[in-house]
Amino acid sequence: MLHNLLTIRRNQWLLFSCWLVFSLTGHAQDALTYQTPPKALADLVTAPLTPTVSLSDKGDVMLILEQAAAPGIDELAQPEFKLAGLRLNPANNGPSRARYITGLKLKKLADKDEKAITGLPAVPLISFVQWSPDGTKVAFANSTDSRIDVYIVDVATAAAQKVGSIALNATLGVPYRWVSDSKSLIVKAIPAGRGPAPELSRVPGGPTTQENVKGTRGQAPTYQDLLKNPSDEKQFAFYTTAQVVRLGLDGTTTNIGQPGIILSADPSPDGQYVMIETVHTPFSYLVPVNRFPLKTEIYAMADSLVKGLNDGPLQESVPYSRDGAPSGPRDFNWRADVPASVYYTVAQDKGDPKVKADIRDKVFQIEAPFSAQPKEIYAAQFRFENFDWGNPTTALATERWWQNRKSITKLVDPSTWQTAVLFDRSYEDRYANPGQPDMKHNQYGREVLNLLPTGEILMLNAIGASPQGDRPFVSLLNLKTKQSRELWRSAAPYFERPIAVLDAARQVILTTRETPDENPNYFVRNLKAKIAPVQATFFAHPYPQLKGVQKQQLRYKRADGVELTATLYLPVGYKKEQGPLPTFLWAYPAEFKSKEAASQVSGSHYQFNRISYWGGAAFVTMGYAILDNASIPIVGEGDKEPNDTYVEQLVSSAKAAIDEGVRLGVVDSSRVGVGGHSYGAFMTANLLSNSKLFKGGIARSGAYNRTLTPFGFQNEQRSYWQAPDVYNTMSPFMNADKMKTPLLLVHGEADNNTGTFPIQSERYYNALKGFGATTRLVFLPYESHGYTAKESLLHMLWEMNGWLDKYVKNPAPTTTGQTNRAGKVGGGNNEK
């Protein structure tokens, strides 16, 4: 069956490719093979990836995870099922687009030597890495062509071995969790004897129907990869069905409950119970699996049903809003600080932010043996987000409200459930962000607040936004007085981030430290002792040939006084005497409710020059000045919505960045290009349609017709019918007749991101072509919203480089009626 499916897919792609060749050119031409960009760009794709690390709870051992390079296009071409918002590998019951770990090493922080782990699979494809609660072992899943197995690493011997003979089912996320005894795992396994997969039927038994006879409102976003027919439903049920199993490290197994579509299986902190969440019918063709009916039950480890907690209905009518929520019980979790207590949230406003309510959410708790009635433990003014549990008298609760950007953190006493406000702020205000509390693992292996005997807690802020740029810091927060004291902050000439607390009492932390020319490495820093930090890792520079790329953090204002930032990259060896350079601006707009928040400084001059192949900075290697991550704030204060003046603010922000580059003498205003991905692509098309700032643009995987996302997009919460002028003004498709500037469109042929389905680029290209615009459409086979295959990435850079070279670096002479002044370069009808 899989062979037949692959043949069908390849034939479909062949037909699509033939259509694309003719539609792009209007006449026959040879099919384009994958191309390779100049070596300086290609090297960014093929450069070895820097390993990531995971730290033991005691902070003495570091697990080094070596990352896989970009896969080949042949890997993406393997059979894949797109069902209920999932992308599945039918051959091994795992995700179809995973990025794997290919090697593991152990390193004691006190030593310089790394120890390779023995017993790894011959071809490691590692995922879902988890430390055991006692820190003596590490579990991981290894994928093969036909199955996914569990392996355990013994930290003391640095040896790995496969556990048992069961195959994991990872179609619905993390396929296993440690039990607190560190001697067993709760796993989602492929049921024994499940039989062959249902045959894919080419002959329908009848029409596919949907109905809404009760007039219920269901304003769903434009989700991708949904179920479409009864055949899809059968395939979905087959591949997602799993059996919950307790797997001992000696390979022994105990089934818990019956096979089902297991969304999660989570053991209680004391290891006596398992909370199992099971998806069931009726399925939906409108929303993905996380909105399907969901049953939540508690089982004893010995395989007996203890309590049915909830059976939630299909959620097709959740209000489409950042503040919207299901109307019934949701988000069932174990308390981390006690043996076996479940807490969950219930909306008091029917989940609808338009309903007036003093209390939006209430949180309830039910304790083992789960025979009593649930007890209310917390009432949230806004939408409840989470608890950070600590000890019997201390926890933190966080609630948020998107419409006013409010975030409230309260100090909670779980012995009385009394609360006191700890932080009440706008989460847009990056300067006021106190950071995240230091967490530790308790006797159950669960993360809880690392409370000091003094009633204080270390707070780690890995960004540390400030008027001087990002300067990460560590502070000491007194929970009694609510006062904090800064212990340390990153300082020039380094950018240093706190990663973990190794010893809270002695104030020893693990950080990463970097400079523009020195790649990040890990350091051990003692905050009490005023001594230099000790380097713990020695990862090599990923692209030493680019040492010397110049970087500068820019600060400037746009016309309405909002202060902006951008990172300016200049080529190695460039001097201002050489004159201004062709320029590439790369950005992604962000929305704000206040000009003050929009004006805050972002980024740091001292961060490593990470010249990724993904963004605009890559083209500094081709001789361009790069205005990277140029801030494009879209502000709507008070009752005003940001998007009401989206175009004006967009163009003003871009013009301010270019003008600053011109003022510095490094940007040639007559040779500026613009690009972006996703919402940045949407931005690019709008800038070219509504200004004369640019000579060319590159838009990757964007959405251009907002009538195809009629119930909101990005952070716009109004529907098309509530704000048709906003939708039409912001849609490049509706303004295709204004496009006078060359635009390259790139899109993944298998894009599954909400709203950016490939037809967005296809129809926009056709509209542009209909008006005679200079444009090119490139579909990347098998690629999703983010591109992963090496061939795709290399070809993407080849396309981008060729477009910039032709239309930005070496543009044709300006036509009559156009000028080369800043702000009047390129084409467009609406001059800004």
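## Helix 9 and its end

Glycine 772 comes after helix 9 and has a positive phi, near 75°. Helices here are DSSP runs of H or I with at least four residues, strands are runs of E with at least two, and both are numbered from the N terminus. The model is predicted, so local features need pLDDT of at least 70 and side-chain atom pairs count only at pLDDT 80 or more, while totals for chains, interfaces and linings use all residues. Residues are numbered from 1 along each chain as its sequence is written, and side-chain values use heavy atoms, with hydrogens and water left out.

Helix 9 itself covers residues 759–770, and its 12 residues reach 16 Å from the first C-alpha to the last, close to the 16 Å expected at 1.5 Å a residue. That expected span is 1.5 Å times one less than the number of residues. Its buried residues are Gln760, Ser761, Glu762, Tyr764, Tyr765, Ala767 and Leu768. Buried means under 20% relative accessible area, exposed means over 50%, and partly exposed is in between (1.4 Å probe, protein chains only).

Helix 6 takes in residues 646–663, and its 18 residues reach 26 Å from first C-alpha to last, close to the 26 Å expected at 1.5 Å a residue. This helix is mostly covered, with 13 of its 18 residues buried. Just after helix 6 comes glycine 665, with a positive phi of about 80°.

## The whole protein

Let's step back to the overall picture. The protein holds 10 helices and 46 strands. Its radius of gyration is 28 Å, which agrees with the value near 28 Å for a compact globule of 832 residues; the radius is taken over C-alpha atoms, and the globule rule is 2.2 Å times the number of residues to the power 0.38. Along the principal axes, the C-alpha trace spans about 80 × 75 × 60 Å.

Of the 832 residues, 56% count as buried. Contacts (heavy atoms within 4.5 Å) reach across the sequence: among those between residues at least 6 apart, 60% join residues at least 24 apart.

Valine 342 sits in strand 20 (residues 341–347) and is buried, with a relative accessible area of 0%. Beyond residues up to four places away in sequence, valine 342 touches Met275, Ile298, Leu309, Phe332, Asn333, Trp334, Phe364, Gln365, Ile366 and Phe370.

Leucine 396 belongs to strand 24 (residues 394–401) and is buried too, at 6% relative accessible area. Setting aside neighbours within four places in sequence, its contacts include Asn386, Phe387, Thr409, Leu411, Leu422, Pro437 and Leu449. Leucine 396 and histidine 747 are 351 residues apart in sequence and 43 Å apart in space, C-alpha to C-alpha.

## Backbone points to check by eye

Two cis peptide bonds are worth a look. One runs from threonine 281 to proline 282, with omega near 5°, and proline 282 lies in the loop between strand 16 (273–279) and strand 17 (294–300). Another runs from alanine 492 to proline 493, with omega near 10°; proline 493 is in the loop between strand 32 (484–489) and strand 33 (495–503).

Aspartate 303 has phi near 75°, lies in the loop between strand 17 and strand 18 (304–312), and counts as partly exposed at 34% relative accessibility. Aspartate 331, with a positive phi of about 55°, is found in strand 19 (residues 329–334).
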